[in-house]
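These are my notebook entries on a structure that I examined element by element. I record what I looked up and what I found.

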2 protein chains.
Amino acid sequence: MKQIEISRATMGRIPIYLKYLKDTDLCTENISATALAKGLGLGEVQVRKDLGAVSGAGRPKTGYNVSELINVLENFLGRNENSSVVIVGAGKLGRALLDYSGFQEYGLDIMAAFDAAVSEPEKSNLGKPIYSMDALDSFCKENNIRIGVIAVPAHSAQEICDRFIRNGIRAIWCFAPCVLSVPPEIPVQYENMALSLAYLNKKI
Amino acid sequence: MKQIEISRATMGRIPIYLKYLKDTDLCTENISATALAKGLGLGEVQVRKDLGAVSGAGRPKTGYNVSELINVLENFLGRNENSSVVIVGAGKLGRALLDYSGFQEYGLDIMAAFDAAVSEPEKSNLGKPIYSMDALDSFCKENNIRIGVIAVPAHSAQEICDRFIRNGIRAIWCFAPCVLSVPPEIPVQYENMALSLAYLNKKI
């Protein structure tokens, strides 16, 4: 459960550390938090805090062994335990999510999308399958889908949510502006793409 | 500045209250927090807290005057002061953001997208313009653009960011996995679409 206690901000920077460690030709076996902070233009205290939370402190003088650190960060992000996800609603948002590459960084596998407007199976730009709603139930069961994403209008969201739960889905990521009623053991994450932008706008 | 102090969670529920107040045939001039909570399946304490933070307490017995409450909530969301936004990067994410209707709820107007791969002006599915990068500078100045959205790969993000700032943009919403260097007066909101899903996955 350690991961849960790690702040969202820290979790958001882990892929940035990983990318730097993997893509930069460091020409060294070890790297210090100082060097990492410098290389990324982040505060040294922040980097120490982030890495400390995920992988413990670096060794005095030598810092972190690069390959060990990469391994720890990847395990933290769950790259080594794939989690299967499906999306219902293959509008522009659903398709953007379906082809969004960033999920892989967190070991999340968006396997397919389903849409009421689709009759014959289609492929997304990146070749992910988009099926008709008829295919949803069997697909969820056969692929042991863990998370269901709701990218349909609010008026259909509860129906999709109930269907996800009947098919053994264990968590819901909801982009519809609504409140879902779910059993207490099913976590729901509501997403509002406009909210961050509205927040930013109020900061100006 | 009151808005800033309001939690993201509260801010996220305001459009839900608004939608309910406007779309439901309440057949009444006033509504109590209790009735609103019941209608939305939310906790009464939460509703009182949310509405209290934005518009003050309802009147004892009568509750809130519906049209006044709608007005207060809309003003809070800034529906009456449009904020102009442009996106650089018209890939699937950029186009999804360009056509995403949810921004209007917060008084945000995504006016256009710009992309290096576009030579002749195009239109999005909902008819929003997509221009070549050559058009960016003049468009930002002529339309007094307030916020710039970065939906390009990490390696081009800083260049776009600098160009936004040269063109008078006052805040940056960044979807690229990178750290931007900006003057202290320019707020940057980093977005990581994978993060919420990864968080949800760790809650299961």
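The model is predicted, and I kept to its limits: local features need pLDDT of at least 70, side-chain atom pairs count only at pLDDT 80 or more, and totals for chains, interfaces and linings use all residues. Residues are numbered from 1 along each chain as its sequence is written, chains are lettered from A and ligands numbered from 1 in the order in which they are written, and side-chain values use heavy atoms, with hydrogens and water left out.

**Entry 1: salt bridges**

I counted as a salt bridge a side-chain nitrogen of Lys or Arg within 4 Å of a carboxyl oxygen of Asp or Glu. The search of the whole structure returned 12 salt bridges over all chains. I then looked at individual pairs.

In chain B, B:R163 and B:D137 form such a bridge, with 2.7 Å between the closest N and O atoms. B:R163 belongs to helix α8 and B:D137 to helix α7 (residues 136–142), so the pair ties together parts that are 26 residues apart in sequence. I noted B:D137 as partly exposed at 27% relative accessibility, and B:R163 as buried at 16%.

In chain A, the side chains of A:D50 and A:R13 meet at 2.6 Å, N to O. A:D50 lies in helix α4 (residues 44–55) and A:R13 in helix α2, so this bridge ties together parts that are 37 residues apart in sequence. Both A:D50 and A:R13 are buried.

A further bridge joins A:K19 to A:D23 (3.1 Å, N to O). These two residues are four apart in helix α2 of chain A, which separates them by about one helical turn. A:K19 is partly exposed at 36%, whereas A:D23 is exposed at 53%.

Helices (H or I, at least four residues) and strands (E, at least two) are DSSP runs, numbered from the N terminus. Axes are lines fitted to C-alpha atoms, for helices over the stretch in contact, and angles run from 0 to 180 degrees between N-to-C directions.

I found α2 (residues 8–23) and α3 (residues 33–40) of chain A packed at about 95 degrees, their axes 11 Å apart. The two are therefore roughly perpendicular, a term that covers 65 to 115 degrees. With contact taken as heavy atoms within 4.5 Å, A:I16, A:Y17, A:Y20 and A:L21 of α2(A) meet A:A35, A:L36, A:G39 and A:L40 of α3(A).

**Entry 2: the sheet of chain B**

Two strands pair if DSSP finds at least two bridges between them. I read an open sheet of seven strands in chain B, in the order β5-β6-β4-β3-β7-β8-β9, with mixed pairing. β5 (122–123) and β9 (188–190) stand at the edges with a single partner strand each, so one side of each is left without a neighbour in the sheet.

β7 (residues 147–150) and β8 (residues 171–174) of chain B pair in the parallel sense over four bridges. Within β8(B), B:W173 stands opposite B:V149. Helix α8 (residues 154–166) of chain B lies across β3, β7 and β8, running at about 170 degrees to β7(B).

**Entry 3: backbone angles**

Most residues other than glycine have a negative phi. A:N144, however, has a positive phi near 45 degrees. A:N144 sits in the loop between α7 and β7 of chain A and is exposed at 61%.

Methods. Parallel < 35°, antiparallel > 145°, perpendicular 65-115°, else oblique. Buried < 20%, exposed > 50% of the residue type's maximum accessible area, 1.4 Å probe, protein only.
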